[in-house]
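Here are a few notes to read alongside the model. Have it open and follow the points in order.

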Amino acid sequence: MTGLVQAGGIPRSALEAAGRALAAESARFAGMGWMRGTSGNLSVVLTRDPLRLAVTVSGLDKGELTSGDVVVVDERGRAVPDQPNPDLPPSAEAALHARIAAHAGADAIVHVHCMAAVLAGHWYPDGLPLRDLEMLKGIGRKAHDETVTIPVVPNSQDMDEIAAAWEPRWDGQVPAFIVARHGMYAWGRDLTQARHHTEIVEFLMTFASETRPGGSVGAR
Ligand SMILES: [Zn+2]
């Protein structure tokens, strides 16, 4: 049946549902001020074998996306043929989404340019250490007696470089990392959990920057 199956075997209804969910989540993040300009992108895994993700299109206001503003990409972040938006170029960052989906087993990935990530990466370039905070439970860690490190990796326009820097710094558990002078990635089993992880890590990054030795709170 014409139009029933698109994007390499992915049902049109599944792609539309993914697009709706991505647009709704993007609007929430835009409302938080974490996707300023046209920055940031979100993705969900559509299939694992072969790996296919639905990624928000680049260059559009993330507060105004519709269910059709989505591109299907492969394991290298390349747009696959035979999809509703074959002419829309996916963000270059789609390649990193695909690497995170493959390496961390993430089913939904959030990338935002929130200021808290840029500040935390500035103050803690070797990784953000956190401990004895109740909110650590929100990313599956203990609230006491455990140091959790959120990796910080150098920025690059080459997604393979960022991925190669993140993978050896990652403990296999923390569902997020910071890209210095750029933003953050967080992920989860679905978009809701990925959002919760993003919110919690943003809270933790803000706390760490505000309470850093010699920082704004300590200096007053
Ligand atoms: Zn970015």
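1. Start with helices H2 (residues 94-104) and H4 (residues 159-169), whose axes come within 9 Å and cross at roughly 30°. Axes here are lines fitted to C-alpha atoms over the stretch in contact, with angles from 0 to 180 degrees between N-to-C directions. H2 therefore counts as roughly parallel to H4 (angles under 35 degrees qualify).

2. On the H2 side, the contact involves Ala95, Leu96, Arg99, Ile100, His103 and Ala104; H4 brings residues including Met159, Ile162 and Trp166. Contact means heavy atoms within 4.5 Å. Helices are DSSP runs of at least four residues (H or I), strands of at least two (E), numbered from the N terminus.

3. A word on the basis: this is a predicted model, where local features need pLDDT of at least 70, side-chain atom pairs count only at pLDDT 80 or more, and totals for chains, interfaces and linings use all residues. Residues are numbered from 1 along each chain as its sequence is written, and side-chain values use heavy atoms, leaving out hydrogens and water.

4. Now for the record: an unreviewed UniProt entry lists His111 and His113 under "binding site". Such annotations may be inferred rather than shown by experiment.

5. Is His111 buried or exposed? His111 sits in strand E6 (residues 108-112) and is buried, because its relative accessibility is 0%. His113, in the loop between E6 and helix H3 (115-123), is partly exposed at 28%. The cut-offs are under 20% relative accessible area for buried, over 50% for exposed and partly exposed in between, using a 1.4 Å probe and protein chains only.

6. Leaving out residues up to four places away in sequence, His111 touches residues including Glu93, His97 and His182. Among the contacts of His113, counted likewise, are Glu93 and His182.

Terms used. Angles under 35 degrees count as roughly parallel, over 145 as roughly antiparallel, 65 to 115 as roughly perpendicular and the rest as oblique.
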